[in-house]
Amino acid sequence: MTLRLRAALFAGLVAAAAAMLAMQAWRGLPLQTNILAMLPPTERDAAAERAVAKLGADLGRRVAFLVSHRDEDQARAAADRFAAELRAAGGFRSVTGRLPALDPGLLLSLYGAARFGLLSEPDRALLSHPGFEPRTGLLRQLSLPFAPPSLLPLAKDPFGFFGRWLTVLEPPSSNLRLEDGYLTARDRDRVRVLVTAEADGDPYDQAVQSRIVAAWERAAAALGPAAEPWRTGMIFFAAEARGAAMADMDRIGAGSLIGITVLMLLAFRSLQPMLLGLASVAVGIVLAALGVALIDGEIHLITLAFGASLIGEAIDYSILVFAAHHAAGAQWNVRDGFAKLRPGLTVAVATSLLAYALLALLPFPGVAQIARFALVGLAGAYLSVMLLLPAFLSQPSRRDPLAATRWTGRLSARWRGLLARRGAVLALPVVLLAACVPGWLSLTANDDVRTLAPRSDSLSRQDRDIRRVTGLDAGGRFFLIRGAGEQEVLARETALVKRLRALEAGGALMAHQAVSDFVPPGAQQESDRALMGERIFNDPAPLRAAMAEAGFSAQAADDLARDFARGAPPVAVRDWLASPLSTPYRHLWQPAGPDTPASAVTLFGEVDPGRIAHAADGLEGVMLIDKAGSASALLGWFRARAVPALFVAALAVLLVLSVRYGARAALRVMIPVAMGEALSVAVFGYSGTPVTLFAAAGWLLSLGIGVNYAIFLREGMQRPGATVLAVLLSGATTLLGFGLLSLSSVAALHQFGLALLTTIAVSVALAPLALEP
Amino acid sequence: MRRFFVLAGCLFACASARADALAEQVIRRLAEYPVVRARFEQQRESASLPKPAVSSGRLVASRKDGILWQVESPVTVTLAFGPQGIVETGPDGVRRLVAPRRGAVQAEMGRIMQQILSADIAQLGATFQLEARGTLERWTLRLTPKTREMARFLSAIELGGAKYLESIELGDTGGDRTTIRMRDFATSDALEPGELQQFTPP
């Protein structure tokens with residue numbers, strides 16, 4: 001097969017792949033922006049994972065605003081205006097500013113008939129007390145000062161049981177107070193009014209995010225200068241994360257391309273190498289994107305940002321070829337030239353692919369996707385260099401090889417001379433390692449998954465202020481309660497809620513939301529009804545006498561006894577779900593789907609998370625779900641294991657190298673990259689950058705890439721000028737890509753980039769140590 | 001003609017400013033004493049009750065700690081409206097928490113009384129329209145709910161007195177009316193330890 005035919009076939013394949021990718025993109029390739037989507041399932045079972053996903057989406061759609069003004073009336077007017085602007089802007093399923101007045105009819109129709117089975121905890125204790133008499137109960141109620149309001153006339157609820165039970169339906173206690181329908185906080189000298197809204201659609205969908213952000217900007221702009229709006233909500237954070245990652249991608253991509261173009265033009269003084277080099281990169285990127293699209297069905301934004309930094313690495317292979325072509329001058333023969341290049345190039349590609357393959361084995365979808373992208377991308381670039389380039393390089397270079405590479409030859413000779421001084425190969429590492437020790441000792445780790453997403457100051461501050469002012473800090477943890485059916489779920493939930501109430505009274509927790517507060521278990525409603533019968537209604541004489549003494553008409557006692565005797569079935573969850581009263585709380589019921597009897601209890605204002613976590617101890621079917629916590633624990637587990645993995649990977653690379661160079665020389669080839677790793681770890685310690693799984697992944701990866709420069713140098717010592725040119729050039733392009741990555745505002749990418757940048761910089765600088773003296 | 005309107009407007013503004021000023025003066029005066037003790041008699045009228053329900057007992061109001069409401073007749077029960085909620089002490093001396101710290105409407109009235117006694121004009125002004133009549137020596141203060149939530153169950157509170165708060169009249173929207181009269185006032189600087197204990201939840 002001729003070189004041209006081979007190149008044409010390969011080009012045809014790539015064109016087909018590009019067409020497929022274009023079709024995927026045209027159909028709309030989902031772009032994932034949820035940082036948690038990078039992590040594997042963390043929960044013990046599928047139902048818990050489904051509950052996390054559903055509640056996450058439900059809560060992720062919610063956004064909250066605080067509109068404030070010094071003047072109360074102005075603050076309310078501003079809140080109305082703000083809410084109206086949000087509604088007009090669109091993109092929301094609902095916008096709630098001023099709450100509609102609670103319709104007492106709704107409460108009565110849901111609970112009125114079943115009220116004899118509804119007792120608050122203190123009243124149940126009161127009735128259970130052996131000393132309880134109807135007479136004392138009635139007179140006590142009438143003697144209460146500042147009589148509490150009731151929905152029913154005094155004669156229908158003379159003991160006040162129903163009125164007190166209804167107080168559980170009030171919104172969770174917080175620093176907010178309902179004033180004329182506005183949830184209001186008085187904070188220093190400002191009056192702040194809460195406006196909440198629910199986005200329409202998937203909070204991670206770019207279109208949804210843009211609509212919500214645009215609505216916020218419009219509503220904020222509509223307020224006068226004296227009114228101040230704050231915002232919070234996961235959707236705003238997600239939109240910012242997307243914006244930051246997009247900006248990173250653009251900056252890294254554009255920076256790499258411009259840098260590579262300039263470097264290639266400077267080094268080779270010809271358009272052809274630059275264009276062919278970029279073509280090989282393009283082939284790699286097209287194949288990588290197609291591969292990920294076919295395997296995963298979606299691309300994470302982080303993968304794209306990382307992919308942009310891969311440009312600098314993928315171009316290395318063509319640089320090596322052009323340098324050799326350049327150096328051969330008139331002696332260039334395309335078949336011999338490639339035959340000489342192939343072994344070294346293949347070893348270099350093999351070590352890189354090995355490192356990425358190790359990453360792909362990690363059970364982190366995000367890291368594995370990055371690794372798959374790189375595997376396919378680098379393999380594509382390598383294939384294009386081996387198959388496509390020969391067709392274009394049949395002619396020898398017209399430039400004088402010696403003149404073209406003289407400066408690099410001199411530079412290399414001087415640098416080698418410096419490194420090759422007596423004992424340098426031993427002394428240099430010892431000195432460098434000694435300098436690293438304090439850095440290693442000051443290393444810290446941080447596995448908190450929440451620190452991985454970028455957070456802008458303004459948004460974080462507003463989020464923090466809203467949490468401070470409202471006291472409603474929904475930390476994302478919740479309890480999941482499961483049972484054989486509705487009643488078992490409710491009963492188990494009641495046991496948990498009892499403990500949560502104790503925590504609330506003790507100040508460890510601000511509030512919770514639970515279905516069983518609205519619908520007590522049927523068995524409890526029946527037993528409460530039985531208790532009321534036993535203590536009050538079963539014996540009509542004392543009740544009649546007591547009501548007469550208290551001043552009620554003779555008719556009142558009989559009417560009340562008749563209401564009790566008429567009875568009513570206990571309130572059931574489906575009654576509650578059918579009532580508009582349940583609207584704000586429906587997400588709590590069956591969060592894992594209609595086939596899994598379950599409920600969620602959400603928490604607000606966790607003052608003492610440790611004690612709250614113990615609330616589920618010993619309760620069957622109850623577990624605390626802490627997605628961020630378990631994800632962080634998982635990150636920590638893998639980070640801790642990344643160090644042993646690094647040694648295993650180093651051994652694997654050493655093995656590959658030994659095949660080609662023999663054990664002793666292979667060790668020597670490893671020295672520069674080993675030094676690079678040591679220094680990079682120390683840089684993290686010195687700069688106070690906490691080590692995460694992403695930094696560890698960066699070190700694992702830089703092992704495979706960093707060793708390449710030593711390989712290139714060792715392979716090409718017959719033509720030092722050209723080889724050094726290739727090493728310097730490919731080092732520069734790679735460093736450019738990862739250097740730009742280390743500037744990312746996305747913490748995960750920043751650490752990844754920093755680990756790669758530092759390791760590779762040292763590997764390039766010390767590459768001559770790999771040569772035999 | 002225009003001058004007349006300006007003049008009239010000014011007069012009106014001055015009058016309402018004086019009323020506000022009197023309300024403020026009255027409330028500040030009530031808050032002068034750290035602790036006030038008195039006897040009370042409460043009368044409750046309701047459509048459900050052919051004859052009013054009457055109860056009586058002792059009242060201790062502390063600016064700092066809250067209000068202790070000790071009913072002696074027709075039953076013995078003590079309610080402490082404090083910062084930690086409402087704590088009830090039964091005839092047997094057993095304390096129990098009947099309403100938690102915040103949120104409960106039940107605690108709302110206790111909170112309002114405490115706002116009056118601690119002269120928290122900012123909070124009161126947020127919930128009520130304050131309207132004072134008379135002089136500082138003999139005054140009545142009418143609190144009309146400003147917010148929808150309060151207006152749902154309360155039509156107005158009327159306070160009357162001289163040096164001390166002598167009467168409270170509460171009208172609820174259902175037509176029920178509660179009248180409390182106080183007498184035999186005594187002041188002190190702090191609560192007795194036994195009184196303070198009744199504010200502590202069990």
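Leaving aside its neighbours within four places in sequence, which residues is A:C436 in contact with?

Guide: Leaving aside its neighbours within four places in sequence, A:C436 is in contact with A:A678, A:L679, A:A682 and A:Y686, where contact means heavy atoms within 4.5 Å. This is a predicted model, in which local features need pLDDT of at least 70 and side-chain atom pairs count only at pLDDT 80 or more, whereas totals for chains, interfaces and linings use all residues. Residues are numbered from 1 along each chain as its sequence is written, chains are lettered from A and ligands numbered from 1 in the order in which they are written, and side-chain values use heavy atoms, with hydrogens and water left out.

A:C436 itself lies in helix 17 (residues 424–441) of chain A; helices (H or I, at least four residues) and strands (E, at least two) are DSSP runs, numbered from the N terminus. With a relative accessible area of 1%, A:C436 is buried, a term that means under 20% relative accessible area, while exposed means over 50% and partly exposed in between (1.4 Å probe, protein chains only). From A:C436 to A:A22 the C-alpha to C-alpha distance is 48 Å, and the two are 414 residues apart in sequence.

A:Q462 is found in helix 18 (residues 457–470) of chain A and counts as buried because its relative accessibility is 14%. Apart from its neighbours within four places in sequence, A:Q462 is in contact with A:W216, A:P229, A:W230 and A:R231.

Of these, A:W216 belongs to a cluster in which ring pairs link A:F65, A:F82, A:W216 and A:F236. Over all chains the structure holds 23 aromatic pairs; rings of Phe, Tyr and Trp (its six-membered ring) pair if their centres lie within 6.5 Å, and planes under 30 degrees apart count as stacked, over 60 as edge-to-face and the rest as tilted. The rings of A:W216 and A:F236 have centres 6.3 Å apart and planes at 70°, so this pair is edge-to-face. It links distant parts of the chain, with A:W216 in helix 8 (residues 206–222) of chain A and A:F236 in helix 9 (residues 234–268) of chain A, 20 residues apart. A:W216 and A:F236 are both buried. A:W332 and A:F338 also form an edge-to-face aromatic pair, at 6.3 Å centre to centre and with 70° between the planes, and A:W332 and A:F338 are buried as well.

A:R529 lies over the face of A:F564 at 4.3 Å from the ring centre, and A:R714 lies over the face of A:Y661 at 5.3 Å from the ring centre.

Helix 9 of chain A and helix 10 of chain A pack at an angle of about 145°, with their axes 8 Å apart; axes are lines fitted to C-alpha atoms, for helices over the stretch in contact, and angles run from 0 to 180 degrees between N-to-C directions. In helix 9 of chain A, the residues A:L257, A:I260, A:T261, A:M264, A:L265 and A:F268 meet A:L271, A:P273, A:M274, A:G277 and A:L278 in helix 10 of chain A. By class, this contact of helix 9 with helix 10 has nine nonpolar, two polar and no charged residues, where Ala, Val, Leu, Ile, Met, Phe, Trp, Tyr, Cys and Pro count as nonpolar, Asp, Glu, Lys and Arg as charged, and the others, Gly among them, as polar.

The loop between helix 9 and helix 10 (271–296) of chain A holds A:R269, whose phi is near 50°, a positive value in a residue other than glycine. Most residues other than glycine have a negative phi, and most peptide bonds are trans. A:R269 is exposed, with a relative accessible area of 59%. A:Q590 likewise has a positive phi of about 50° although it is not a glycine, and with a relative accessible area of 26% A:Q590 is partly exposed. In chain B, a cis peptide bond joins B:S73 and B:P74, with omega about 5°.

Notes: Lys NZ or Arg CZ within 6 Å of the ring centre and 35° of its normal.
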